[in-house]
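Please open the model in a viewer and keep the selection panel at hand.

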Amino acid sequence: MATNITWHSGLTRQERSELRKQKGCTVWFTGLSASGKSTIAIALEQHLLQKGLACYRLDGDNVRFGLNKDLGFSPKDREENIRRIAEVAKLFADSTTIALTSFISPYAADRQLARDLHSAVPKDSSDSPLPFIEVFVDIPVAEAEKRDPKGLYKKARAGEIKEFTGISAPYEAPEKAEVHIHSERTSVEEAVVMITTYLEEKGLLEVKS
């Protein structure tokens, strides 16, 4: 990290929130490929936008083909992938936008790093930590393989895809996710209600007049 840079304070997060009439946070979806996390994230984004809230979804389509197109799927690259996503999500949340991230993010340490980034507050800042909500979209590997819309599990079983999470690479399930969704028995609509209810209970969806 460069040492010749200085943090410049501007508007406080509270001031920004009052001006934009919204609070920011990050909703971090994690789960196996084909668990349904992106489908739920898309539905949640639409629901929040319809409620008049600013939100934006980060996923493989708009990150892996742009910001992180130089990264592969080795453990080191996965770690850097999540670090960059967490930093971007934090910026969105700090702008009082609701950031939705939908990535497998298989390692507990990487998800903890993302959480810690949101908890960090610059020295001499009056801002409070940014809310970080982990949503575990839980599904048995066998059920995910049945869905397999992109044929990835089939390719992984055939050895065509190396280091595939759930098959040849580990997935470390969250132990204390804020929201735990069993997607094989929960509809997309029900999942959106679960997440929205949690956000409302935490006072994160209050639109100030």
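**Salt bridges**

The structure holds 13 salt bridges, a salt bridge being a side-chain nitrogen of Lys or Arg within 4 Å of a carboxyl oxygen of Asp or Glu. This is a predicted model, in which local features need pLDDT of at least 70 and side-chain atom pairs count only at pLDDT 80 or more, whereas totals for chains, interfaces and linings use all residues. Residues are numbered from 1 along each chain as its sequence is written, and side-chain values use heavy atoms, with hydrogens and water left out.

Select Glu-80 and Arg-83: their closest N and O atoms are 2.9 Å apart, forming a salt bridge. Both residues belong to helix α4 and are three residues apart, about one turn of the helix. Helices (H or I, at least four residues) and strands (E, at least two) are DSSP runs, numbered from the N terminus. Glu-80 is partly exposed at 22% relative accessibility, and Arg-83 is partly exposed at 34%. Here buried means under 20% relative accessible area, exposed over 50%, and partly exposed in between (1.4 Å probe, protein chains only).

Glu-87 is partly exposed, with 31% relative accessibility.

Glu-184 is partly exposed at 33%, while Arg-185 is exposed at 59%.

**Helix α5**

Select residues 108–119, which form helix α5. The helix has 12 residues and reaches 16 Å from its first C-alpha to its last, close to the expected 16 Å; the expected span is 1.5 Å times one less than the number of residues. Which residues of α5 are buried? They are Asp-110, Arg-111, Ala-114, Arg-115, Leu-117 and His-118. These residues lie on the same side of α5 because they cover an arc of only 155° around the axis, the arc being that of the directions from the helix axis to the C-beta atoms. Display β1 (25–30), α4 (75–94) and β4 (132–138) to see what the buried residues of α5 pack against.

**Nonpolar cores**

A nonpolar core is a set of buried Ala, Val, Leu, Ile, Met, Phe, Trp, Tyr and Cys residues joined through side-chain atoms within 4.5 Å. In the largest core, of 23 residues, select Val-27, Phe-29, Ile-98, Val-135, Ile-195 and Leu-199, which touch the most other members. The elements giving two or more residues to this core are β1, α2 (37–50), β3 (98–102), β4, β5 (179–182) and α8 (188–201). Five residues, the largest share of this core, come from α8.

Centre the view on Leu-199. Leaving aside neighbours within four places in sequence, Leu-199 is in contact with Cys-25, Val-27, Ile-133, Leu-204 and Leu-205, contact meaning heavy atoms within 4.5 Å. Finally, select Leu-58, Ala-89, Ala-99 and Phe-132, which are among the members of a second, separate core of 12 residues.
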